[in-house]
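The numbered points below may be read alongside the sequence and the model.

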Amino acid sequence: MNASGAVAAAVVPAAGRGERLGPGAPKALRELGGVPLLVHAVRALARSRAVGLVVVAAPADGVAEVVALLDSHGLDGKDIRVVAGGATRQESVRLGLAAIPEEVEVVLVHDAARPLVPVEVVDTVAAAVRAGAQAVVPAVPLADTVKRVEPNPGGPEPVLDTPERATLRAVQTPQGFDRATLVEVHAKALTEEGAGTADAPPVTDDAGLVERYGGRVVVVPGHEEAFKVTRPLDLVLAEAVLARRRATDAY
């Protein structure tokens, strides 16, 4: 690793089941073009010159399987480490973060379910952190009008208001962080959980933790191909994007 801390490390939490894709293998191990989503995601990070280390947080009972999987797809020559993840995404990120050498000052966190993120997005996020940002998220403008509703699962949901679409962004990954900031917010979240005081709404990403504890998050341009593969239709769309890339020698 670069002792100056200029080279980033990336954490890929991949211990979840991904039930919305249906029964079977964990979501990160579902295949896209004959290759697991996780392998695509790790390759996307490894292509960036800004990233010197990738840490994968695997299912606790599947670490050896994930190591063998990455090795079998030609990733064994990269600086990639696999650790046991936790019961939640937040715990998996924290465990992955603990495996990163202390001299690394820039940390990216990337969803295994975003297999097609272009390398320029990875580079842009890392560069923004190196330029002084505490937390950076790639995002894209929304195409649809958004309504805020009063939740009523299974029935009509009253509309509360319509946010101004120009002020909204759909957030992607990798998200980038000053390492000290990320360590601090995870430590605070863990302390609150242990003390039984974490009564705030749950956060769904690490940038949300930074926001919760008063840090500043900035947005940089994301990419339409960095979408999250969550439902069967997403997998169909990802197959189409991958086929186009392979046809044009872009992948």
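1. Parallel pairing of β1 and β4. Strands β1 and β4 run parallel and are joined by 6 bridges. Within this pair, V11 has V55 of β4 as its bridge partner. The model discussed here is a predicted one.

2. Parallel pairing of β4 and β5. Strand β4 is also joined to β5, through 5 bridges, and these two strands run parallel. V54 stands opposite I80 of β5. Strand β4 is mostly covered, with 7 of its 8 residues buried.

3. Surroundings of V54. Apart from its neighbours within four places in sequence, V54 is in contact with A10, V12, V42, L45, D79, I80 and R81.

4. Antiparallel pairings of β11. Strand β11 (residues 175-178) runs antiparallel to β6, with 4 bridges between them. In this pairing, V109 has Q175 of β11 as its bridge partner. Strand β7 (residues 135-141) is likewise antiparallel to β11 and is joined to it by 2 bridges. Here A135 is partnered with F177 of β11.

5. Overall composition. The protein chain contains 7 helices and 12 strands. Of its 251 residues, 45% count as buried. Among contacts with a separation of 6 or more, 73% are between residues 24 or more positions apart. The accessible surface of the chain comes to about 12400 Å², and carbon and sulfur atoms account for 53% of that surface.

6. Nonpolar cores. The largest nonpolar core has 37 residues, and those with the most contacts inside it are L38, V42, V54, V56, L70 and L108. At least two residues of this core come from each of β1 (8-13), α1, β4 (51-58), α2 (63-72), β5 (80-84), β6 (106-109) and α4 (119-130). Helix α4 supplies the largest share, 6 residues.

7. Length of helix α7. What span should this helix have? At 1.5 Å a residue, the 16 residues of α7 (residues 232-247) should span 22 Å, and the end C-alpha atoms are 23 Å apart, which agrees.

8. Residues D234, A238, V241, L242 and R245 of α7 are buried. Viewed down the axis of α7, its buried residues fall within an arc of 100 degrees, so they line one face of the helix. An α-helix has 3.6 residues a turn, so residues three or four places apart point the same way. L233, V236 and A247, on the other side of α7, are exposed. The cover over the buried residues of α7 includes β2 (31-32) and α1 (37-46).

9. A243 and the end of α7. A243 and G33 are 210 residues apart along the chain, yet their C-alpha atoms are separated by 7.9 Å. After α7 comes D249, which has a positive phi, near 60 degrees.

Definitions and conventions: Residues numbered from 1 in each chain as written. Predicted model: local features only at pLDDT ≥ 70, side-chain atom pairs only at ≥ 80, totals over all residues. Heavy atoms only, no water. Expected span 1.5 Å × (residues − 1). Buried < 20%, exposed > 50% of the residue type's maximum accessible area, 1.4 Å probe, protein only. Arc of directions from axis to C-beta. Contact = heavy atoms within 4.5 Å. Core = buried A, V, L, I, M, F, W, Y, C linked by side-chain atoms within 4.5 Å. Areas by Shrake-Rupley, 256 points an atom, 1.4 Å probe, with all protein chains shown as cover. Pairing = 2+ DSSP bridges.
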